Amino acid sequence: METITEAIQNLGLEINFNEDNYDAGIANGFEKGAKWAFSNRKKTNGLTIKNFWDASVGNWRPLDEVPSDFHKLATSGNSIYYTNDNEDTICRQSDHWGSGIRECNWYLDGHPRNNSFLFSKRNKGKLFIGIIKIEYLKDIRRI
């Protein structure tokens, strides 16, 4: 059975604890003296369509083609980025996947996890397409 705190978090709500009332015996956040504030804002990983490529890590699902409802977001080197109208999902077409993509480590499922330069060399520069929801990327600066 999940605790009340877990249930609230599973709904995607933020829980803000007032540390002035912190008690060493906290189990679920509803102990004597604990004050919690709940908001209806969804939890985020801090990444958005504007900063997801600054320093993130994630596993991208391979696709055969860019979805027709996606539009071009940006081009950088040998990579083209696309997004949907909600701007919550990124599609990337590139010849390099793995660690060392600027400050990012983006792995394409079904391929060995290695350096992006090695990925490109092994695949002779072939372009691969991957897709990921921004919420599934992790901000390296917060790990």
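View 1. The side chain of Asn-84 reaches the backbone nitrogen of Thr-89 at 3.4 Å. Asn-84 sits in the loop between β5 (79–83) and β6 (89–94). Buried or exposed, how does Asn-84 count? Asn-84 is buried, with a relative accessible area of 11%. Buried means under 20% relative accessible area, exposed over 50%, and partly exposed in between (1.4 Å probe, protein chains only). Not counting residues up to four places away in sequence, Asn-84 touches Asp-69, Phe-70, His-71 and Thr-89. Contact means heavy atoms within 4.5 Å.

This is a predicted model: local features need pLDDT of at least 70, side-chain atom pairs count only at pLDDT 80 or more, and totals for chains, interfaces and linings use all residues. Residues are numbered from 1 along each chain as its sequence is written, and side-chain values use heavy atoms, with hydrogens and water left out.

**View 2. The protein chain as a whole.** Two helices and 10 strands make up the list of elements in the protein chain. Helices (H or I, at least four residues) and strands (E, at least two) are DSSP runs, numbered from the N terminus. Their order along the sequence is α-β-β-β-β-β-β-β-β-α-β-β. Of the 143 residues in the protein chain, 35% are buried. Among contacts between residues at least 6 apart in sequence, 58% join residues at least 24 apart. The protein chain exposes about 9,300 Å², and carbon and sulfur atoms supply 49% of it. These areas come from the Shrake-Rupley method with a 1.4 Å probe; for residues, only the protein chains shown count as cover.

**View 3. Strand β3 and its pairing partners.** Two strands pair if DSSP finds at least two bridges between them. Strand β3 (residues 56–63) pairs with β10 (residues 138–139) in the antiparallel sense, over two bridges. Here Ser-56 has Asp-139 of β10 as its bridge partner. With β8, β3 pairs in the parallel sense over four bridges. Trp-60 stands opposite Leu-108 in β8. With β9, β3 pairs in the antiparallel sense over three bridges. Arg-61 has Ile-131 of β9 as its bridge partner.

**View 4. The nonpolar cores.** A nonpolar core is a set of buried Ala, Val, Leu, Ile, Met, Phe, Trp, Tyr and Cys residues joined through side-chain atoms within 4.5 Å. The largest has 16 residues; those with the most contacts inside it are Phe-52, Trp-60, Ile-90, Trp-97, Trp-106, Leu-108 and Leu-137. β8 (104–108) and β9 (128–133) are the elements that give two or more residues to this core. β8 gives the most, with three residues. Leaving aside neighbours within four places in sequence, the contacts of Ile-90 include Phe-52, Trp-60, Phe-70, Tyr-82 and Ile-132. A second, separate core of six residues includes Tyr-82, Cys-91, Ile-129 and Ile-131.

View 5. Cys-91 is buried, with a relative accessible area of 0%. Cys-104 also counts as buried, at 1% relative accessibility.

Conventions
Polar contact = N/O pair within 3.5 Å; in protein donor to acceptor, adjacent residues only side chain to side chain.
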